[in-house]
Amino acid sequence: MMTNKMLKIERLLAVSALAGVIAAGTSWARAPFTDEELAEQKAALVESIALGYDLWHGSRADMTTNGLACGNCHPDTAASNPQTFPKYMTMYGKVIPFREMVNWCIENPQAGTRLDVDGDDMTAMEAYAFYLHRGKEITPGLASEQTTPIVVEYGTGFARTPTGIGVDTKP
């Protein structure tokens with residue numbers, strides 16, 4: 001038969017063991033990423049965003065047969081609202097992801113060839129669009145009313161040397 005004293009000791013041991021595991025885990029755990037790893041990850045993201053910017057502004061010839069690029073209708077990804085996807089699109093009659101909407105625009109207004117939805121170019125297009133829309137609020141309604149405008153006076157909207165593609169010609 002357990003006495004009150006034995007129960008107290010057992011509980012104290014259990015709490016002490018749990019505290020020891022928590023303390024050991026926090027004191028011995030490695031930080032998720034080193035500063036060098038974080039710098040490499042940021043550089044890779046910026047490189048993907050830069051490729052997305054170039055693609056958005058017409059650097060890949062097979063994405064159009066009529067001279068249009070994504071940036072003609074959506075300068076600085078305006079009214080693309082990537083953060084609102086997946087969402088229902090009437091032209092499909094179903095819910096679709098942002099990458100499918102990108103391909104719809106490439107095939108229809110631009111009369112170009114779809115991108116591989118799992119390829120680096122599509123990832124770059126998404127990286128560029130999502131980067132410019134980070135932190136934007138979403139409200140129901142028309143695409144033009146769903147988010148506040150993306151304000152980019154000229155250039156890419158992120159730190160980068162100008163490419164000379166489209167309107168990206170100022171330093």
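**Close-up views of a predicted model**

Pro-86 is a residue of the loop between α3 and β1. The model shown in these views is predicted.

View 1. The bond from Phe-85 to Pro-86 is cis, and its omega is near -5 degrees. Asp-76 is placed in the loop between α3 and β1 as well. Its phi is positive, about 50 degrees, although Asp-76 is not a glycine. Most residues other than glycine have a negative phi, and most peptide bonds are trans. The relative accessibility of Asp-76 is 14%, so Asp-76 counts as buried, the cut-off being under 20%.

View 2. The whole structure holds four aromatic pairs. One of them joins Phe-85 and Phe-98 edge-to-face, with 5.5 Å from centre to centre and 65 degrees between the planes. Phe-85 belongs to the loop between α3 and β1 (87–89) and Phe-98 to helix α4, so this pair ties together parts of the chain 13 residues apart in sequence. Phe-85 counts as buried at 12% relative accessibility, and Phe-98 counts as buried at 4%. Phe-98 also pairs edge-to-face with Phe-130, at 5.7 Å centre to centre and 80 degrees between the planes. That pair links distant parts of the chain, since Phe-98 is in helix α4 and Phe-130 in helix α5, 32 residues apart. Phe-130 has a relative accessible area of 32% and is partly exposed.

**View 3. Helix α4 is mostly covered.** Eight of the ten residues of α4 are buried. They are Phe-98, Arg-99, Glu-100, Met-101, Val-102, Asn-103, Cys-105 and Ile-106.

**View 4. Helix α5 packs against other helices.** The buried residues of α5 are Met-122, Ala-124, Met-125, Glu-126, Ala-127, Tyr-128, Ala-129 and Leu-132. These pack against α2 (35–56), α3 (70–73) and α4 (98–107).

**View 5. Helices α2 and α5 cross in contact.** The axes of α2 and α5 are 7 Å apart and the helices pack at an angle of about 95 degrees. This makes α2 roughly perpendicular to α5. On the α2 side the contact is made by Leu-45, Ser-48, Ile-49, Leu-51, Gly-52, Tyr-53, Leu-55 and Trp-56. On the α5 side, the contributing residues include Asp-120, Asp-121, Thr-123, Ala-124, Met-125 and Tyr-128. Ring pairs link Tyr-53, Trp-56 and Tyr-128 into a cluster. Glu-47 also lies in helix α2. Its relative accessibility of 60% makes Glu-47 count as exposed. Between Glu-47 and Tyr-128 there are 9.9 Å in space, C-alpha to C-alpha, although the two are 81 residues apart in sequence.

View 6. Leaving aside neighbours within four places in sequence, Gln-110 is in contact with Met-63, Thr-64, Thr-65, Asn-66, Leu-68, Ala-69, Cys-70 and Cys-105. From Gln-110 to Thr-65 the C-alpha distance is 6.5 Å, for a separation of 45 residues in sequence. Ala-111 is located in the loop between α4 and α5 too. Its phi is near 50 degrees, a positive value in a residue other than glycine. With a relative accessible area of 30%, Ala-111 is partly exposed.

**View 7. The whole protein gives the context for the close-ups.** The protein has six helices and two strands, which run α-α-α-β-β-α-α-α from the N terminus on. Of its 171 residues, 32% are buried. The accessible surface comes to about 11000 Å², and carbon and sulfur atoms account for 61% of it. Among contacts between residues at least 6 apart in sequence, 58% join residues at least 24 apart.

Technical notes:
Residues are numbered from 1 along each chain as its sequence is written. This is a predicted model: local features need pLDDT of at least 70, side-chain atom pairs count only at pLDDT 80 or more; totals for chains, interfaces and linings use all residues. Side-chain values use heavy atoms; hydrogens and water are left out. Buried means under 20% relative accessible area, exposed over 50%, partly exposed in between (1.4 Å probe, protein chains only). Helices (H or I, at least four residues) and strands (E, at least two) are DSSP runs, numbered from the N terminus. Contact means heavy atoms within 4.5 Å. Accessible areas come from the Shrake-Rupley method with a 1.4 Å probe; for residues, only the protein chains shown count as cover. Rings of Phe, Tyr and Trp (its six-membered ring) pair if their centres lie within 6.5 Å; planes under 30 degrees apart count as stacked, over 60 as edge-to-face and the rest as tilted. Axes are lines fitted to C-alpha atoms, for helices over the stretch in contact, and angles run from 0 to 180 degrees between N-to-C directions. Angles under 35 degrees count as roughly parallel, over 145 as roughly antiparallel, 65 to 115 as roughly perpendicular and the rest as oblique.
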